[in-house]
Structure formats: structure tokens, C-alpha cells
Amino acid sequence: PHHIHRVMTCNIRIAGLPEDDSIPGRKWEDRRDIMLKVILSRKPDIVCTQEVIYKSYAYMKAKMKGYQSYGFAGPEMDPYTDGYHFIGKNVIFWKSDRYEFVSSGCYWLSDHPEIGGSVAWGTARARHCNWVRLRDKSTGVEFRVMDIHLDHISEAARQAQMKMAVAEAAQYASDFPQVLCGDFNSGITSVAVKCLHEAGWNDSYEAIHGAEEVGYT
């Protein structure tokens, strides 16, 4: 149906990590085609990714025909031309034949959200939110997609980062559709996820399968 949006979120894991390259099957070149086969087999309209770096972004852009993307470039990347540098980006892909691009933005999950690569609250890595505003060509309805990756070490940072994302989204009208995707590094009982429920967000997985723990998201 024209009102259904197939949205997928995937942490594709940093390409070129030494601990991966030393294990058969984990190297980026060993898993990239399997990853894309799984993603594209679901025929997603929108794909939110995390831990994207130069070579994985270039590969996905070349292979994902018919998709536009946003969220890799930024001043924090300009000093570098390749590699990781502890900044994996949250890149959003969407079907260009279905959606019209309206606007986009990025802010950092820190007390200086306007500064690329900024950190706060004891986070182990700089974390950010990329978002795009799209218009469904068939219905004319506009909506917003947010893509985040919360810290993997600090619980205090995860809580603060999620609260910031929820507060930023709250500036939109209550009836304006928003979709939040990402790697939360959190279980269903975590304070970070509880923050979403308290703010009125609905979990699409729970809506289908019920509220039960299915592992970290």
C-alpha cells in the first residue's frame, strides 16, 4: 500500500578494524556483499546505517542503485581522506523514485551540538544525529527520519544523548510524523529506551511482536 514505508536500520560495523580483518569472514571485503544482499532483499524504502566510513560509504553508494543518501560529509571529516579516526557516520539512504528530498541536518549529541566531533557526558566516541525531511511523492505527506548511534560504553552518556534527541524532536508539531532509527546500544528496560516511551514515541517492533526483550538494539 502507498501509505506503508519499509524502514530498515543497520549497524554495518566499521570497515578495516584490525580485530575483524584477522578473522576469516569478518573482514569488510568478506562481508560487504552479504550485507548488501540482506539489505536489498528486504526492498527497503529507507535505510538508516551506522558506523559508515569512507570505503564502506563509497561501496554502498555504488551498489545501491536508485537510492539517494545523506550524512557522510562534514567538517569533522575534512582533515581526513580515508580511514576511521573514531568517527563512524550515520548515513541515511532513501528511494529517490518514491521520495522528494526536502531538507536535512546534523547535530552532535553533546553540550556543543553545533560543533562537529564534539563530545560530552563521558562518551567514548563523538556521537551525532543525522536527519532528513522527505516528501512522499504519491501522497504529498512530509515526514522526518532521524538516525542516531548512542555510546557503547557510558550509560550516563546514552541517557543524556537520547534525552537530547527526544528534546530536539519535540520542537516539531505533535502531528508531524517522525521516525527515529539507530543503534541505541540499549536493552528494552534501559533508561534511554524508557525516555522514548515517556516522550510518547511508539516502538514499531513492539507494536507487531509485543513488549518483550529481544536483545540490544
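Colleague: What makes you say that the charged end of lysine 89 sits over the ring of phenylalanine 72?

Modeller: This is a predicted model, to start with. In it, the charged end of lysine 89 is 5.8 Å from the centre of the phenylalanine 72 ring. The distance cut-off is within 6 Å, and the charge must also be within 35 degrees of the ring normal. Lysine 89 is listed as sitting over the ring. Phe72 also belongs to an aromatic cluster with Tyr54, Tyr57 and Phe93.

Colleague: And which ring does arginine 144 lie over?

Modeller: That one is tryptophan 131, with arginine 144 at 4.7 Å from the ring centre.

Colleague: Why is the pair of tryptophan 28 and tyrosine 59 called edge-to-face?

Modeller: There are 8 aromatic pairs in the structure. For tryptophan 28 and tyrosine 59, the centres are 6.2 Å apart and the planes are at 85 degrees. Pairing needs centres within 6.5 Å, and planes over 60 degrees apart count as edge-to-face, so edge-to-face is the label for this pair. The pair links distant parts of the chain, helix α2 with tryptophan 28 and helix α3 with tyrosine 59, 31 residues apart.

Colleague: Are tryptophan 28 and tyrosine 59 buried or exposed?

Modeller: Both are buried.

Colleague: Why is the pair of tyrosine 84 and phenylalanine 86 tilted?

Modeller: Their planes are at 50 degrees, with the centres 5.4 Å apart. Stacked needs under 30 degrees and edge-to-face over 60, so this pair is tilted.

How values were computed. Residues are numbered from 1 along each chain as its sequence is written. This is a predicted model: local features need pLDDT of at least 70, side-chain atom pairs count only at pLDDT 80 or more; totals for chains, interfaces and linings use all residues. Side-chain values use heavy atoms; hydrogens and water are left out. Rings of Phe, Tyr and Trp (its six-membered ring) pair if their centres lie within 6.5 Å; planes under 30 degrees apart count as stacked, over 60 as edge-to-face and the rest as tilted. Helices (H or I, at least four residues) and strands (E, at least two) are DSSP runs, numbered from the N terminus. Buried means under 20% relative accessible area, exposed over 50%, partly exposed in between (1.4 Å probe, protein chains only).
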